[in-house]
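Here's a quick tour of how some side chains pair up in this structure. Have a look at the model first, then follow the notes below.

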Amino acid sequence: MKQLKLSVCNQNGSVLLISVVILMLLTLLGIFATTTSTIEIQIAGNDKWHKMAFYNADGGVEASKELIEQNIELRGFPSVTPLPYVLGGVGIYSVDFFMNPDIDANMPSDTNRNVSIPAKPSSSVPHTNILIGGNTSLSTGSALQMIAGYEGKGKGAAGGGGQVVYDIRSRREGINNARATIMGRWRHVM
């Protein structure tokens, strides 16, 4: 009697099948990593443009404080036509903006602005538009008491004065539609 041996050892081609499956998994992993890194690069770029717009708008508020003081000192910038009056690369669209009333909830735009700061003096986009308005009020005094000789009667001094509180709104139109609006206040004491 002869014994029959069944051989199940035929593994020809199994290495090829396993390597194809592993290559497919590695390809999918590579595609996923590439897609993720591309999205991360876009997020980082958008964050960069937003931060640039934010800091430029904030710089517009800071520059406005000095412009307000210069505008008050000169009682308005020279009246020239047509506007804008250019002062060191900054476009002035209202020569006496220190007298503007309160701007309420108005936001600066290309048609509603007192000052425009371009990215470069010869460029118009991107740029920062600034709107300035103020309210005049009396400031409270410190009511310092001084003795008037031997009578012991007091006398008030430093009764206060006037002040103008300016609302400053600065809006930056940046690259890739990045926009930022910063609102600040500046108090000018008279």
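Let's start with the charges: there are six salt bridges in this structure. Keep in mind that you're looking at a predicted model. Side chains of opposite charge can pair when their charged atoms come close. Aromatic rings get a look too, with three aromatic pairs in the count.

- Lys-65 and Glu-62 join up through their side chains in a salt bridge, at 3.1 Å from N to O.
- Both of these residues belong to helix H1, which covers residues 14–73, and they sit three residues apart, or about one turn of the helix.
- Lys-65 has a relative accessible area of 18%, so this residue is buried, the cut-off being under 20%.
- Glu-62, at 46%, is partly exposed.
- Asp-110 and Arg-113 make another salt bridge, with 3.8 Å between their closest N and O atoms.
- Arg-113 counts as buried at 19% relative accessibility, whereas Asp-110 is partly exposed at 47%.

**A salt bridge between strands**

- Arg-185 meets Asp-167 in a salt bridge, at 2.6 Å from N to O.
- Since Arg-185 is in strand S8 (residues 179–189) and Asp-167 is in strand S7 (residues 161–173), this pair ties together parts that are 18 residues apart in sequence.
- Asp-167 is buried, with 12% relative accessible area, while Arg-185 counts as exposed at 59%.
- There's also a network here: Arg-171, Glu-173 and Arg-179 are joined by salt bridges that share partners.

**Aromatic rings**

- So what about those rings? The count of aromatic pairs comes to three.
- Phe-77 and Phe-97 are both buried.

**Charges over rings**

- Arg-113, the salt-bridge partner of Asp-110, also lies over the face of Tyr-93, at 3.9 Å from the ring centre.
- Lys-48 lies over the face of Trp-49, with 4.7 Å to the ring centre.

How values were computed
Residues numbered from 1 in each chain as written. Predicted model: local features only at pLDDT ≥ 70, side-chain atom pairs only at ≥ 80, totals over all residues. Heavy atoms only, no water. Salt bridge = Lys/Arg side-chain N within 4 Å of Asp/Glu carboxyl O. Helix = DSSP H or I, 4+ residues; strand = E, 2+ residues; numbered from the N terminus. Buried < 20%, exposed > 50% of the residue type's maximum accessible area, 1.4 Å probe, protein only. Phe/Tyr/Trp six-rings, centres within 6.5 Å; stacked < 30°, edge-to-face > 60°. Lys NZ or Arg CZ within 6 Å of the ring centre and 35° of its normal.
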